Amino acid sequence: MSEGATILALERVTKRFGGLTAVADVSFTVPAGELLGIIGPNGAGKTTLFNVISGYYRPEGGRVVFHGHDVTGQPPHAICRLGLTRTFQLVKPFGNLSVTDNVMIGALTRRASVRAARVEAQRVVETCGLGAHADTRARALPIGLRKRLEVARALATGPRLLLLDEVMSGLNPTELAAMVELIRRLHAEGLTVIVIEHIMAAMMRLARRIVVLHHGETIAEGPPAAIGQDRRVVDAYLGEEFVLAQA
Amino acid sequence: MDSLLRSRGGALVVFGLAAVTPLVVRDAYFLDSLVLILLWGALSAAWNVAGGYAGQVSIGHASFFGIGAYAAALMVTRFGRGPWLGMLVGVVISIGAGFVIGFLSNRLKGPYFALSTIAFSQVLLIGVSRWRGFTAGGEGIPVPFRPGFATLGLGHAGWVYMALAAALLCYAVEVYLERSRVGYQLAGVREDEDAAEALGIPTRRLKVFAVTLSAALTSICGSLWAQYIGFVDPTYVFSVDLSVRFALNAIIGGMGTALGPYLGSILITSLETYLRATFSGVKTGFAGIYLIIYGTALILVVRFVPDGLAGIAARLRTRRAHA
Amino acid sequence: MDPARPLGPAQIDVLAQLAVATVLLGGIYALVSVGLTLIFGIMRVVNFAHGEFLMLGMYLAFWAFSLWALDPYFVLFVSIPVFFVVGLVTYALVMRGVIHASHNVQIFTTVGLSTVLQNVALVAWSGDFRFVRPWHLSTVLRAGGTIFNLTQVVAFLIAVALTAALVAFMRWTHAGRVMRATAQDRDAATLMGIDTDRVYRLSFAIGIAAVGSAGVLVAPLYSVYPTAGLQFVLLSYVVVVLGGLGDMLGAMLGSLIVAAVEVAGSYLFGAAWKEIFYFLLFILVLVFRPAGLFGQRGAETLGV
C-alpha cells in the first residue's frame, strides 16, 4: 500500500450498550504509514472503539473499512488475518507459556510451519528487547516486560496496522523511554500505528496527529501542538497546567 | 533425535515395558490389569485432548465412550457384522455428538459447559435405557466372544497389544498437539481465548476440532472396551462416574501433558486392582470405596498438586539439573 | 389429544389437574432451587455437589422413618439446623478454598465432593431404591374435578412457607441485606467493611439447610437412592438460570416453568421419559435463553 493511501476508515461508527452510547458517530481516516494517537478521559470510549475496529464488538451503526474491505462485524481472527492486530489494555499473556512461545503463536498466523514461526519469533523477541527472557514463563514477568511481550506478540502476526492500547501505563521512566523508542522504530520501518495513551508526554512526542474522544464523540483532531492548546480538550481533561506544561 | 529420546524417555519406558511384558509374563490376571491400565490411559489421553490441551473441561465424555461401546456391540449382535465396522460407525456418530458438544463449548464457559456435558450424557443414558427394542434397554448387551482378529476375539497377549495400539494412537495425537501449528494455537485458546482471537486464531473452530477429535478417540476406545469386557450396559457406559474417571487420571498424572494420563492411569488402575483383590470378600460396597478415594484424591490434587505427577517429575528433574 | 376437539368438561378437568400438579410441583422445586439461587447468586460458584445434599436429606428422612417411625414433616424441623451445620463444615473444608480459584479447580473440587458423597451413601446404605411411605401418602384429596394427595399438598405448603421465610430474611434483616449487597458487588462490599468470608459461610450454610430440608420434604414423593441428586441438581440449575442467576422471585417463576414442562411432558409422553426432560430442558435453556427470562446480570458468567 502506498504511503498516503487510506488504510483505515471509520464511517459514523456508533456503539451502544443498552441505554449507554459508548461510541457516538465517530469518523476519521488513517493514511498508511501514519502514527495516530487517540486520547481522552477515562470512559471516553477509546478501548470500545478499538474493540469495534478489531471485531470484538459489532457496532449499532456505521462502518469500519480496512484496506478497502468492509470489516464491520467480522470476527477478530479474520480481521487479524487481513493485517490488523490489536493489543489489550489489561495485558493478556499466555501465562504458562514462555515468552518465545507466546510470540510464536502470533507468528503462526502467517507461517504454516512451526519451525519458521519459531525463527520469526526469536527475531521479534530480539527486536523488542526481550532476548534475555526468551525462555521465561510469561506469568513470571513484571508488568513492564509483559507490556513489551504484548507488543512483540502482536508484531509477530505481521500486521499492516497495529492498534496499541495503553501500552505505556504502569511503566517506569526507563521502560517508558524504551517503549517509545520501540514504537518509533516500528513506525519508521513502515508500520501504521494507532496508539491509545494517557501519558501525554509520550503521546506528544510520538504522534503526528491526535484524535480526542470525550463521551464517545470526537471533540478535536489535529497535530499535538494544536491539541495541546485546544480549549475543549483542556476543559475535558481538567488539567490546564499539566497539558500546557507537556506541550 | 537425541532430544526426542530424552524428552520422550518416560513414554519409551512405559510403552516399552508394556510391549515387552506379555513376552515374559503369562499370568492372566496381571495381563488383564495391564490391558486396563493401557485402555484407561488411552481414554484419559483422549479426554486430555479436549480438557488439557484445548481447555474444554467436560464431565460427559462417557457419551462418546458409550456410543462407541454400543455401536460395536450392536453391530455384532444385531446386524451380525464385525466390531471393526461398529467402531467406524461409532466414530462417525461420536463426531456428530462432538459437534453438538463443541457448539455448546462455544456458548458456555467453564462450569456451565461441564454441567451441559453431564446433561448430554444423561440424555443418552436414559434414551438408550428406554429404547428397549433396539438397544435391549437397561438389561445391557452381552457381546459374544469369537476368536480371531476380525472379531476382536483375542487372547490376553493379543489384547495387551491391541490396548497398546490404542494407547499409542492417543499418545501420538497428544504429541502432535504439542508440536504442531494447530497445537500451539490450541494452547493459545486454552490460555486466553480473547488474546488468541486477536492473533488471528479461529478459536471457535479450533475448539470444535479439539472436541470432535477427542470424541472420536474416546469412541474407538469404547468400542474396544466393549469387545474386551464382553458386556455393555447403559448405566455404566454413560455414567457420570465414568466421565469423572477419564478426567481423574489426566489430572492426577498431569493435565495438558502427553504422558500424564498414562501415569495417572498406572497409579489409579493399580490402586483399583489392589483394592479389588483386598476387598474381594466384601462384595457389596466395594464399588463405592475406591470412588470415595478417587473423589477425595481429585479434591486434594486439583488444589494442592495441580500439575500432577508429571509436574512433580518435572520439578525433580530441574532440581537435579541445578544440583 | 385432538386439538380440533373443543374443550369439553373432561378436557378442562385434565387441564385443571395438570395445572394443580404443576403448582404443587413448582412449589417443591422452588425450595430445592432457592438454596442454589442463594449460593450461586452470592458466591458465584457452580457447586456440582448441590444435588447430593438433597440426597442426604432424603436418606435422613428415610432412616428416621424406618428406624423410629418419624414422619418427615417432623424430621424437617430437625433437618434445618442439622444441614446448616453440614453447610458450615463443608464450607470450611471444601468451599472456602474454591471461591477465588480457577474454574477448573471449582469444577473438579465440587465434582470430587459429589463423587465422595454419592459413594459414601452407596457404601453405607447400598444402591437399593428406598421408599418413605408415611400414612398421608395414600390420602387423597379432591377439589373440583382434580385429585391430589395430602403429601403433595403439605409438602407444597411447607415449601412455600420456608421459601417465603427465606425471602423475608433476605429482604428485611440486616444479614440478608448484607448478603444481597455482596451478591451485587463483591468488591464494593469488601470496601464497605463487609467480611465477605462470613457472608459466604452464612449463605452456603443457609443454602445447604434449604436443600437438605427440601430433601426431607420430597423423600415420600420420590425413590431414594445414592444418585437421586443428579436429576435435581440439573433441574435446580435450570431454575436458577431461567430465573436469572440469584433472583429469588425469578427462581420461583423458573420453578413453575420447569414443573410445567415436566407435568406436560409426562402427560404427553409418559412418565418413563420424565427424567430426560430435566436434562433436555437444561441444554435448551442454556443454548437459547442463558440470560434468563429477564436478561439478568451474571449472564456473563455463563460465557455468553
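1. Basis. This is a predicted model: local features need pLDDT of at least 70, side-chain atom pairs count only at pLDDT 80 or more, and totals for chains, interfaces and linings use all residues. Residues are numbered from 1 along each chain as its sequence is written, and chains are lettered from A and ligands numbered from 1 in the order in which they are written.

2. Chain A, overall. Chain A holds ten helices and ten strands. Helices (H or I, at least four residues) and strands (E, at least two) are DSSP runs, numbered from the N terminus. The C-alpha atoms of chain A fill a box of roughly 50 × 40 × 40 Å along the principal axes. A compact globule of 247 residues would have a radius of gyration near 18 Å, and chain A agrees, with 18 Å. That radius is taken over C-alpha atoms, and the globule rule is 2.2 Å times the number of residues to the power 0.38.

3. Chain A, packing. Of the 247 residues in chain A, 45% are buried. A residue is buried if 20 or more other C-beta atoms lie within 10 Å of its own, exposed if 12 or fewer, and partly exposed in between, with C-beta atoms placed from the backbone. Among contacts in chain A with a separation of 6 or more, 63% join residues 24 or more positions apart. Two residues are in contact if their C-beta atoms, placed from the backbone, lie within 7 Å.

4. Chain C, overall. Chain C has eleven helices and two strands. From the N terminus on, the order is α-α-α-α-β-β-α-α-α-α-α-α-α. Buried residues make up 51% of its 304 residues. Of the contacts in chain C with a separation of 6 or more, 78% are between residues 24 or more positions apart.

5. Which chains touch. Chains A and C do not touch; their nearest C-alpha atoms are 12 Å apart.

6. The B–C interface. Here 35 residues of chain B are in contact with 36 residues of chain C. On the chain B side, helix H6 (110–130), helix H13 (240–253) and helix H15 (286–304) each supply at least two residues. H6(B) gives the most, with 13 residues. By class, this side of chain B has 21 nonpolar, nine polar and five charged residues. Ala, Val, Leu, Ile, Met, Phe, Trp, Tyr, Cys and Pro count as nonpolar, Asp, Glu, Lys and Arg as charged, and the others, Gly among them, as polar.

7. The A–B interface. This contact takes 18 residues from chain B and 22 residues from chain A. Helix H9 (181–191) and helix H10 (193–198) of chain B are the elements that give two or more residues to the chain B side. The largest share, six residues, comes from H9(B). That side has seven nonpolar, five polar and six charged residues.

8. Helix H2 of chain B. Helix H2 (residues 9–24) has 16 residues, which at 1.5 Å a residue should span 22 Å; its end C-alpha atoms are 22 Å apart, in agreement. The expected span is 1.5 Å times one less than the number of residues. Val14(B), Ala18(B) and Pro22(B) are buried in H2(B). An α-helix has 3.6 residues a turn, so residues three or four places apart point the same way. The cover over the buried residues of H2(B) includes helix H3 (28–53), helix H8 (156–179) and helix H14 (260–278) of chain B.

9. Val89(B). This residue is in helix H5 (residues 83–107) of chain B. Val89(B) counts as buried because it has 21 C-beta neighbours inside 10 Å. Beyond four places in sequence, Val89(B) is in contact with Ala71(B) and Met75(B). The C-alpha atoms of Val89(B) and Ala71(B) are separated by 6.4 Å, though the two are 18 residues apart along the chain.

10. The core. The largest nonpolar core has 287 residues; Leu39(B), Cys221(B), Ile28(C), Val238(C) and Phe282(C) touch the most other members. Such a core is a set of buried Ala, Val, Leu, Ile, Met, Phe, Trp, Tyr and Cys residues joined through C-beta atoms within 7 Å. Apart from neighbours within four places in sequence, Ile28(C) is in contact with Ala155(C), Phe156(C), Ala159(C), Leu217(C) and Val218(C).

11. Backbone points to check. His67(A) has a phi near 60°, a positive value in a residue other than glycine. His67(A) sits in the loop between strand E4 (61–66) and strand E5 (69–70) of chain A. With 17 other C-beta atoms within 10 Å, His67(A) is partly exposed. Arg44(C), also not glycine, has a positive phi near 55°. Its loop lies between helix H1 (9–43) and helix H2 (50–68) of chain C. Arg44(C) is partly exposed, with 16 other C-beta atoms within 10 Å.
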